[in-house]
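Colleague: I'd like to learn how to read a model like this one, feature by feature. Could you walk me through it?

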Amino acid sequence: MYFDNSSSINVRRVCISIGLLFLAKIIYELHKIIKKIKIKMHKERFFKRNGGLLLRQQEVLDTASVDKTILFTSKELAKATDNFNDNRILGRGGQGTVYKGMLVDGRTIAVKRSTVVDESQLQQFINEVVVLSQVNHRNVVKLLGCCLETEVPLLVSEFIPNGTLYDLIQDDTGEFPISLNMRLQIATEIAGALSYLHSASSIPIYHRDIKTTNILLDEKYRAKVSDFGTSRFISMDQTHLTTLVKGTFGYLDPEYFQSSQFTEKSDVYSFGVVLLELLTREKPISFTRFGENRSLAAHFMLAMEEARVMSIFDPMVVKEGSREELLAIATLAMRCLSFSGKNRPTMKEVAIELEGIKMSRMPSTVESDFGHMIYGEDLSMLTYDKSTSTTMCLKENINE
């Protein structure tokens, strides 16, 4: 029988081609599987390094609390931020970069990508995530959750649309004049939020970096305290925290700078500088003044000593406020900026005093707003086990 060698060769070629294609397919699928395994291993390694195991331990210890801590995946946050595109950047700081994003359910979010991972602070970081995800105060930016499976941790919070208080104060266009009432409202909201963090949450929280760039403004220009990257939690029996000095020059408590002991009164000092910025529209550090007067706090204290404080206030403030009102606010700021923390008021006292000044200006409207803020909303939103006793304690203090 005669065989066509050319046909046999063609058949072999076809078989070899099919075999090669099949082998290429197998190699490609194996490559995809290996790649997926590597990505999964990387995510697991990052999850452990970023405190994921600590979070799971928290789940065992306190299921009710951690149930509210949402763990986002790297995939959904990459999609939300267009792969962390530069045109989504809202701001950069020492702690990281913040991106604007949109989740698939339509919610607009802010995603903070940390600069570095400090493994020595993992316990604090996880505590921060767990506790702050439960903080429910109208003047604190709501932390929605985090992502731990990326090289650096990602924190996800609500998006606040109107930028920072610093930008509003330093806006020289004149397009949005800030009335004295609005400044008092913003100052009172910040003070109320800090008072809540210091004394009304289940674990006292010291912010440690209060400044106008960390105060955001929502669509109604209500203040929202943000950026808890350097914040610390304090057990109920502690009065201070000994740490490496951290903070922003111009806002830093001089007593803390000398002793390295941060107390709730250190936040009070920083708030005092913010209050001065609202009154004067000056920056915390100015290079148009010389020596110690470069500091807004020192410049203000000198003006108070020389009885010329009205000369450094913003002209709009002087025009709208009475001398008695402005001196009352200035005196409060001076007490906040006292060199000794013991002589400074608590944030609760500051909030109540500012409310009193507001009520004296608008007695018919502010009183009802104050009652709603303190009793109707903020305290009812406490989600901790100790909320009932905390609420009773705060009401008693306010009524005294």
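**Salt bridges, strands and surface**

Modeller: Let's start with a charged pair: R289 forms a salt bridge with E282, and their closest N and O atoms are 3.3 Å apart. A salt bridge here is a side-chain nitrogen of Lys or Arg within 4 Å of a carboxyl oxygen of Asp or Glu. Bear in mind that this is a predicted model, where local features need pLDDT of at least 70, side-chain atom pairs count only at pLDDT 80 or more, and totals for chains, interfaces and linings use all residues. Residues are numbered from 1 along each chain as its sequence is written, and side-chain values use heavy atoms, with hydrogens and water left out.

Colleague: What is the general idea behind such pairs, and are R289 and E282 buried or partly exposed?

Modeller: Side chains of opposite charge can pair when their charged atoms come close. As for cover, buried means under 20% relative accessible area, exposed means over 50%, and partly exposed is in between, with a 1.4 Å probe and protein chains only. R289 has a relative accessible area of 10%, so R289 is buried. E282 is at 29%, so E282 counts as partly exposed.

Colleague: How many salt bridges does a search of the whole structure find?

Modeller: The search finds 14. One of them links R222 with D218, with the closest N and O atoms 2.8 Å apart. R222 is partly exposed because its relative accessible area is 25%, while D218 counts as buried at 3%.

Colleague: And which helix holds both E355 and K358?

Modeller: Both lie in helix α13 (residues 347–361), three residues apart, or about one turn of the helix. Helices are DSSP runs of H or I with at least four residues, strands are runs of E with at least two, and both are numbered from the N terminus. E355 forms a salt bridge with K358, the closest N and O atoms being 3.8 Å apart. E355 is buried, with a relative accessible area of 2%, and K358 counts as buried at 4%.

Colleague: What are the pairings of β5?

Modeller: Strand β1 (residues 70–71) pairs with β5 in the parallel sense over two bridges, and I70 stands opposite G145 in β5. Strand β6 (residues 154–158) runs antiparallel to β5, joined by four bridges, with L143 opposite S157 in β6. β5 and β6 form a hairpin with six residues between them. Five of the five residues of β5 (residues 143–147) are buried, so this strand is largely enclosed by the rest of the structure.

Colleague: Which strand pairs with β3 over seven bridges?

Modeller: That's β4 (residues 108–114), which pairs with β3 (residues 96–102) in the antiparallel sense. Y99 stands opposite V111 in β4.

Colleague: Which residues make the nonpolar surface patch?

Modeller: Patches are made of residues with over 30% relative accessible area and no salt bridge: like charges are joined within 9 Å, nonpolar side chains (Val, Leu, Ile, Met, Phe, Trp, Tyr) within 5 Å. Here F22, I26, L30, I33, I34, I37 and M41 make a patch of about 670 Å², with accessible areas taken from the Shrake-Rupley method with a 1.4 Å probe; for residues, only the protein chains shown count as cover. F22 lies in helix α1 (residues 5–49) and counts as exposed at 57% relative accessibility.

Colleague: And the chain as a whole?

Modeller: The protein chain comes to 15 helices and 12 strands. Of its 400 residues, 45% count as buried. The chain exposes about 21200 Å², with carbon and sulfur atoms supplying 57% of it.

How values were computed: Pairing = 2+ DSSP bridges.
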